[in-house]
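I opened my notebook to record a first look at this model. My entries follow in the order I looked things up.

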Amino acid sequence: MKEPTFPDSPLADLCRERGLKLTGQRRTIAFVLSDSDDHPDVEELYRRAVEVDPRISIATVYRTVRLFEENGILQRRDFGGGRARYEVADGDHGDHYHLIDADSGKVIEFENPELDALLENIVREMGYDLVTTRLSVVGRRKAKPRGNT
């Protein structure tokens with residue numbers, strides 16, 4: 001079976017910058033992660049990677065995720081539900097926050113300059129310089145009002 005080919009991904013570039021060797025399977029996993037607009041857990045990442053390259057094993061995905069995490073390429077997130085989920089490290093897209101839908105578990109990223117300023121002020125008042133933030137909030141959609149029909 002021929003190894004899949006696809007364009008380089010931002011995550012693959014980050015791996016090279018950190019001096020990691022990019023095997024074909026690591027390149028596939030980097031591509032799948034870069035193409036994700038959510039925060040997959042290892043099982044979901046494996047399902048997506050196998051669609052690109054059926055030769056990838058779950059063990060390879062676990063090892064690669066651990067390697068990427070140890071090298072500051074991925075960040076582990078705990079949004080509840082008992083499974084660690086992953087996202088590309090904040091390096092190039094700055095601090096952001098996570099809203100977790102209490103009913104579906106969906107994670108929605110958001111930025112808020114007012115919240116940034118508030119957190120900066122709180123940390124400064126306590127005698128520190130803000131390095132980074134990690135904030136997750138859980139919410140439930142409000143029920144839509146029923147019409148008078």
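Is aspartate 41 buried or exposed? I found it buried, because its relative accessibility is 14% (buried means under 20% relative accessible area, exposed over 50%, partly exposed in between, with a 1.4 Å probe and protein chains only).

A note on sources. This is a predicted model, where local features need pLDDT of at least 70, side-chain atom pairs count only at pLDDT 80 or more, and totals for chains, interfaces and linings use all residues. Residues are numbered from 1 along each chain as its sequence is written, and side-chain values use heavy atoms, without hydrogens and water.

**Entry: aspartate 41**
I located aspartate 41 in the loop between α2 and α3 (42–52). Helices here are DSSP runs of H or I with at least four residues, strands are runs of E with at least two, and both are numbered from the N terminus. The aspartate 41 side chain reaches the backbone nitrogen of glutamate 44 at 2.7 Å. Leaving out residues up to four places away in sequence, I listed Arg83, Ala84 and Arg85 as touching aspartate 41 (contact means heavy atoms within 4.5 Å).

**Entry: helix α2 and its partners**
I checked α1 (residues 10–17) against α2 (residues 24–34): their axes come within 7 Å and cross at roughly 130°. Axes are lines fitted to C-alpha atoms, for helices over the stretch in contact, and angles run from 0 to 180 degrees between N-to-C directions. Angles under 35 degrees count as roughly parallel, over 145 as roughly antiparallel, 65 to 115 as roughly perpendicular and the rest as oblique. From α1, Pro10, Leu11, Ala12 and Arg16 make the contact; from α2, Arg27, Ala30, Leu33 and Ser34 do.

Next I looked up α2 and α4 (residues 58–70). Their axes come within 10 Å and cross at roughly 70°. So α2 is roughly perpendicular to α4. I saw Gln25, Arg26, Ile29, Ala30 and Leu33 of α2 meet Thr60, Val61, Thr64, Leu67 and Phe68 of α4.

**Entry: tyrosine 97 and its strand**
I placed tyrosine 97 in strand β3. Tyrosine 97 is buried, with a relative accessible area of 1%. Its side chain joins that of aspartate 116 in a polar contact of 2.3 Å (a pair of N or O atoms within 3.5 Å; within protein, one must be able to donate a hydrogen and the other to accept it, and residues adjacent in sequence count only if both atoms are side-chain atoms).
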